[in-house]
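Reader: I am new to this structure and would like a close look at one part of it. Please take me through it in short steps.

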Amino acid sequence: MQDAIGILLLPALGSLIAAVFGRSLGRKATSYVTVGAMALAFVWAVSVFLRMLSLPPAQRSFDPVYWQWIKAGSLSLHFGLLIDPLSAIFLLIVTGIGFLIHLYSIGYMHDDANFQRFFSYLNLFAFAMLVLVTADNFLFLLVGWGAVGLASYLLIGFWHTRPSAVSAARKALVLNVAGDVGIMLAIFILVMTLGRVSYSGVFSHISSLTSLQVELIAFLLYLGAAAKSAQFPLHVWLPDAMEGPTPVSALIHAATMVTAGVYLIARAYPIFHAAPVAAEWVAGIGAFTALFAATIALVQNDIKRVIAYSTVSQLGYMFLAVGISAYAAGIFHLTMHAFFKALLFLGAGSVIHALSGEQDMRKMGGLKKFLPITYWTFLIGTAANAGVPFFSGFFSKDAILGEALATGHFWLWLVGVVAAFFSALYIFRLFFLVFHGTYRGDGHPHESPPVMTVPLVVLAIGALLGGYLAVPGAWNLFDQWLAPVYSRYPGGLLPAAATAPNWGAIALTSVLVLAAVWVAWNLFGRQVREELPEGLRPIHKVLYNKYYIDEIGHAVFVWTVDRLAVLADLFDRVVVDGIVMGIAALVKGWGEALAPFQSGYLRRYGLAVLIGGVFVVAYLTLV
Amino acid sequence: MVPISYYLILSALLFSIGTVGVLIRRNPLQMFMSVELMWNAVNLSFVAFARQYLNMAGHVFVFLVITVAAAEVAIGLAIIVLVFRNREHADVDELNVMKG
Amino acid sequence: MLELLFFLPIIGALLLLLLPERAARGGAFIAALLTLAVSLVLIPSAFGHSGAYGMLSSVTWVEAWGVHWALGLDGLSLVLTILTALVTAVAIAWTPARPRTYYVLFLLLEAFSLGTFLAADLFVFYVFWEAMIIPAYLLIAGFGGPRRAKAAIKFLIYSLAPSLLMLVAIVTLGYEAFLQFGSWSFSLPVLQHLVLPTSVQMWVFAGFAIAFLVKIPAFPFHSWMPEAYAESPAPVTAMLSAVLSKTALYGFLRIALPLMPVAAHRFAPALGVIALASILYGALVALTQRDGKLVIGYSSLSHLGLVLLGIAALSYTGLEGAVLQMVNHGIYATALFLLFGVVEERMGTRDLQAMGGLEARGPILAGLFLITVLTALGLPGLQGFAGEITILTGVYLVQPVWAWIAVISVILAAAYFIRLFQKVAHGTAPSTDQPGGRPEIGGMQIALVAPLIVLMFVLGLYPNPVPRAVSRPLKSVTQSVGVAATTRATATSEVAGK
């Protein structure tokens with residue numbers, strides 16, 4: 001598996017070529033190079049996957065080491081890759097869905113002046129994510145982690161003439177860097193206590209740490225994961241990140257970036273197993289985020305903003321899963337989510353493209369007849385996101401909820417079920433507002449070109465059929481595939497009883513979801529309700545303003561840092577410069593006091609010499 | 001033989017005249033001449049003492065002084081000429097750019 | 001060979017006087033390139049010998065005082081020599097059409113900086129340390145901005161006054177050598193064998209430390225920096241920040257720590273506090289500056305504070321990280337100042353509130369600037385990160401609290417550097433923007449900055465050569481200091497990676 005580094009190098013090379021030679025190559029050649037790089041990387045990843053499949057499960061883990069990164073005293077780090085079933089899934093998601101998004105971008109970005117730069121960034125984004133998921137130690141995980149943050153910064157701020165895009169990009173980067181620092185601190189503690197940062201080295205020596213140390217490491221890792229994966233209250237950057245071009249949103253929300261946090265916890269499960277408090281925390285905040293974001297998504301009017309909050313909510317489910325050690329279920333939901341979320345975003349992009357940039361759902365409606373392909377694929381994505389029975393989201397979400405109930409997390413399960421109801425409600429609200437009723441805008445909608453609709457169809461097939469990888473009560477290919485990863489260290493696998501289907505719970509959520517669809521149809525499908533009942537207005541206002549989290553965060557952090565910085569600047573000018581200037585003034589004062597003696601009259605100097613001489617002689621003779 | 005006190009009195013007189021000249025004259029050339037007078041007053045006492053104690057060191061010092069004085073005059077005159085060229089006069093009271 | 005390295009820029013400077021005015025830039029560039037070539041040729045010989053220096057040439061200079069003209073090359077001086085030669089070569093050719101004097105002074109500045117890094121005799125070190133001030137002063141005073149006179153005087157006084165303390169310290173060491181060995185000596189290898197009473201060590205260390213702290217600069221000795229950095233032309237600022245500050249940090253490693261080990265331990269907490277203050281203070285002030293050049297200047301204060309922290313921790317890993325970060329900072333600070341200089345020239349202002357629109361008008365310049373900014377803020381995978389993590393790890397092994405505090409600056413660095421980049425690149429172009437001129441960077445300048453950019457990536461993905469090059473000199477430093485932390489470090493030396 002030494003050759004797996006090629007999967008990483010392809011997009012890196014593509015990005016470099018597009019950045020350096022993009023202008024001379026022209027648009028077409030650039031898109032061939034970058035999209036081709038992703039296609040090749042996908043083929044390569046598939047070949048890795050197939051080779052892995054042909055081996056017995058116990059031998060499906062490879063750890064090729066390439067070079068020594070640094071050796072400085074007690075610090076010694078290597079660059080190596082870890083290719084195992086878990087990273088193989090991510091290789092496939094990142095390259096596969098990444099490739100479809102690349103392809104779609106050719107159409108979507110067709111008229112953009114900075115076409116080549118965009119594709120260079122896209123390749124860079126994929127490369128960074130690949131580094132993140134294949135690194136065999138926490139340090140290079142962090143390298144990928146930081147590079148993902150950078151690429152997202154570049155892409156979110158891609159339309160840099162828009163002030164909102166610029167501030168969204170900055171917000172994303174600063175919050176992500178705060179998360180990076182969490183991981184960096186975790187690495188420090190690992191180096192300090194174990195002297196190791198490689199996964200295998202750390203995981204096999206966890207027992208030598210005190211429980212306090214493990215909890216601290218777990219919380220710091222969680223800080224990084226929560227920032228990247230938009231967990232409450234660090235989620236504020238993600239909805240703003242839709243300021244980037246829509247394919248970027250798809251890439252961030254589906255294939256790369258936000259899944260990194262789930263990957264980190266799923267990868268570092270031995271740490272979280274040894275840190276029960278942190279794990280409970282992960283699950284609790286996850287469930288809360290799922291519900292919290294779902295309620296916000298209920299009232300937003302911007303099509304992309306609804307989908308963005310839906311991502312935050314779905315990520316909450318994934319964190320709920322990995323927090324209760326249901327790792328395979330969490331990764332399963334992540335994979336399904338990658339399909340339907342990419343589908344929803346690209347579908348939304350298709351709608352926005354058709355309406356020449358309109359994103360307000362109040363000015364859409366009745367698009368079913370203008371955009372038939374988008375309509376049908378979007379319907380599949382909507383059903384999957386809502387967890388309508390027999391679509392992919394249904395299988396993966398119910399796996400998580402079932403395991404939450406089976407492991408005794410009743411309250412988390414309950415929150416998850418309520419969130420599931422809201423999920424179905426907000427996403428069908430969006431669907432009916434956009435595609436049903438009558439068209440409320442004044443443009444001329446048109447279906448998108450094939451280069452954009454083909455990815456939609458492919459993704460729709462995934463969102464439709466992907467769930468059948470794990471049918472409750474029948475088979476679970478996902479658990480089987482990941483078993484070698486999670487059986488290596490203690491704490492990876494749930495007891496068999498926990499993974500058995502709970503038919504009652506499944507029936508309950510199914511009924512709730514269908515009820516939500518019915519409510520949505522009555523409220524938004526048949527005709528749009530403009531007026532809200534009086535009693536609901538304050539709630540609507542709070543939800544619409546996203547519980548004022550942005551404002552609170554701004555007040556607390558930005559204000560504090562600004563004041564501190566102003567204080568330091570004042571200190572520099574008043575105290576430090578004051579002392580220096582004081583010394584200077586002292587010297588100057590002495591100089592001025594002594595200056596009159598320098599009269600400039602030569603003969604006066606001569607007289608002074610004479611008098612001095614007389615005094616010296618007098619002293620020598622008399623004393 | 002003339003007693004040494006005579007030489008010393010003459011030397012002191014010459015030195016005083018030179019000192020007064022330096023202090024009251026405003027023309028740098030005249031000040032120079034006064035300084036020369038002071039040099040030579042000192043030289044005179046050197047030679048007188050050398051004869052009194054039969055020690056040649058005094059003569060050596062005189063030669064040194066004469067050499068240095070010659071060099072000093074050469075440079076000093078050059079400066080004066082330059083000042084005169086730049087200012088059209090050489091009044092030392094007007095040369096006060098170094099006033100603090 | 002060592003003499004050649006030192007004298008090449010001086011010969012170059014003298015020959016420049018014979019060249020016609022318009023050939024001065026080319027001539028100076030060739031001289032700087034030759035120096036760089038010689039420094040690269042010397043790489044193998046830095047590791048040849050088994051003695052303290054890989055290469056040492058010593059001639060008696062003033063016999064009565066035991067002064068030797070001694071230049072020595074080992075891994076530590078080698079990396080800084082190469083850095084100096086590289087930075088000079090890039091900076092000297094950066095701006096076109098300066099008077100001949102500018103290039104002469106620039107080459108002299110290079111020669112004296114090289115002299116400081118190569119000196120194997122304290123007297124020689126002192127001579128170059130002082131000599132360095134003269135061309136730097138003249139460059140600021142002669143070619144700076146509108147308030148250059150004040151800036152230059154401030155720089156001069158700040159540089160000269162503490163140097164006198166250093167002179168006293170050096171003479172004390174020479175006298176101690178006379179007392180203990182019967183003859184005066186300033187040779188570094190000889191002085192290694194001195195056994196100094198603690199009180200003497202304290203005073204001598206303080207003398208050196210103050211001179212070094214001012215030159216770095218570290219809080220609260222930094223107030224010459226804003227004016228000197230702001231008023232100097234960009235290439236001179238780059239030299240001040242990238243090379244001259246390193247002579248002071250190098251002084252700690254080469255002189256202050258190994259010769260005064262007891263004092264080093266006693267002063268380490270104070271140095272650590274100064275370093276932490278510089279780190280946080282520089283970062284916070286950088287956040288508020290309106291002058292973009294000063295944002296970079298204060299970021300240097302913060303980053304060099306981190307290097308100082310790595311030294312003050314007195315752990316081997318910390319020292320390795322410090323040297324690595326010195327090299328890293330030299331490279332990205334040069335690129336930052338030079339590129340920002342071009343931006344300033346194009347926009348006609350340095351006021352961040354007024355600047356903007358670079359990304360649209362000069363995408364290549366904006367791209368290069370972005371890579372540099374990201375390197376400086378310590379993005380993993382680029383050069384700045386490796387040094388940061390090594391220093392912080394080294395500090396963590398000894399003083400965990402320091403490391404925690406220093407880490408805050410990583411977040412702040414992201415904030416102020418991103419702010420700097422966004423103010424410059426986004427938004428609309430300022431009204432002072434040169435209307436007819438090209439907003440883009442010139443081809444010559446791309447070629448000059450390209451090696452720096454490449455190094456940012458190479459040393460980010462494979463920083464190991466630097467720690468390897470300096471491992472022997474630093475091991476001997478840690479041996480002399482008797483690093484208290486080694487016991488703790490060896491406990492975890494079975495380490496990491498695999």
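How many residues does the contact take from chain A, and how many from chain C?

Author: First, a caution: this is a predicted model. The contact takes 48 residues from chain A and 46 residues from chain C. Several elements build the chain A side. β1 (65-72), β2 (75-80), α4 (138-156), α5 (163-193) and α23 (549-594) of chain A each give at least two residues to the side that touches chain C. The largest share is from α5(A), with twelve residues. Sorted by class, this side of chain A holds 31 nonpolar, eleven polar and six charged residues.

Now set that contact beside the other pairings. Two pairs of chains touch, and the pair A and C has the most contacts. In the pairing of chains A and B, eleven residues of chain A are in contact with ten residues of chain B. Here the chain A side has six nonpolar, four polar and one charged residues. Chains B and C do not touch. Their nearest C-alpha atoms are 20 Å apart.

Next, chain A itself. Chain A has 24 helices and four strands. Its C-alpha atoms fill a box of roughly 125 × 60 × 55 Å along the principal axes. Of its 623 residues, 57% count as buried. Take the contacts in chain A with a separation of 6 or more: 81% of them join residues 24 or more positions apart.

One helix of chain A shows burial plainly. Helix α10 (residues 259-267) of chain A has nine of its nine residues buried, so it is largely enclosed by the rest of the structure. Its buried residues include Thr259(A), Tyr263(A) and Arg267(A). Val262(A), Leu264(A) and Ile265(A) are also among them.

Then look at a helix pair in chain A. Two packed helices are described by the angle between their axes and the distance between the axes. The axes of α15 (residues 372-386) and α17 (residues 410-435) of chain A come within 8 Å and cross at roughly 165°. Angles over 145 degrees count as roughly antiparallel, and that makes α15(A) roughly antiparallel to α17(A). The crossing of these two helices is left-handed. On the α15(A) side, the meeting residues are Tyr375(A), Phe378(A), Leu379(A), Thr382(A), Asn385(A) and Ala386(A). On the α17(A) side, they are Ser423(A), Ala424(A), Ile427(A), Phe428(A), Phe431(A) and Phe435(A). The residues of this contact divide into nine nonpolar, three polar and no charged.

Stay with one residue of that contact. Ser423(A) lies in helix α17 of chain A. Is it buried or exposed? The cut-off for buried is 20 or more other C-beta atoms within 10 Å. Ser423(A) has 29, so Ser423(A) is buried. Set aside its neighbours within four places in sequence. Ser423(A) is then in contact with Ala294(A), Ser310(A), Ser313(A), Asn385(A), Ala386(A) and Gly387(A). Phe79(A) is another matter: Ser423(A) and Phe79(A) are 344 residues apart in sequence and 42 Å apart in space, C-alpha to C-alpha.

Val312(A) makes a second stop. Val312(A) is found in helix α13 (residues 303-323) of chain A. With 25 other C-beta atoms within 10 Å, Val312(A) is buried. Beyond its neighbours within four places in sequence, Val312(A) is in contact with Ala230(A), His235(A), Leu238(A), Thr289(A) and Ala293(A). One of these, His235(A), is 77 residues away in sequence. In space, Val312(A) and His235(A) are 7.1 Å apart, C-alpha to C-alpha.

Now cross to chain C. Helix α4 (residues 75-92) and helix α11 (residues 234-259) of chain C pack at an angle of about 170°, with their axes 9 Å apart. α4(C) and α11(C) are therefore roughly antiparallel to each other. Among the residues that meet are Leu76(C), Leu80(C) and Thr84(C) in α4(C), and Pro235(C), Ala238(C) and Lys246(C) in α11(C). By class, this contact has twelve nonpolar, one polar and one charged residues.

Last, the core. The largest nonpolar core has 442 residues, and Ala342(A) and Leu309(C) touch the most other members. Helix α14 (residues 316-347) of chain C gives the largest share of this core, 19 residues. Leaving aside its neighbours within four places in sequence, Leu309(C) is in contact with residues including Gly272(C), Ile279(C), Val395(C) and Trp402(C).

Key. Residues numbered from 1 in each chain as written. Chains lettered and ligands numbered in written order. Predicted model: local features only at pLDDT ≥ 70, side-chain atom pairs only at ≥ 80, totals over all residues. Core = buried A, V, L, I, M, F, W, Y, C linked by C-beta atoms within 7 Å. Buried ≥ 20, exposed ≤ 12 C-beta atoms within 10 Å, placed from the backbone. Contact = placed C-beta atoms within 7 Å. Nonpolar A, V, L, I, M, F, W, Y, C, P; charged D, E, K, R; others polar. Axes fitted to C-alpha atoms, helices over the stretch in contact; angles between N-to-C directions. Parallel < 35°, antiparallel > 145°, perpendicular 65-115°, else oblique. Left-handed = near helix turned anticlockwise from the far one by under 90°.
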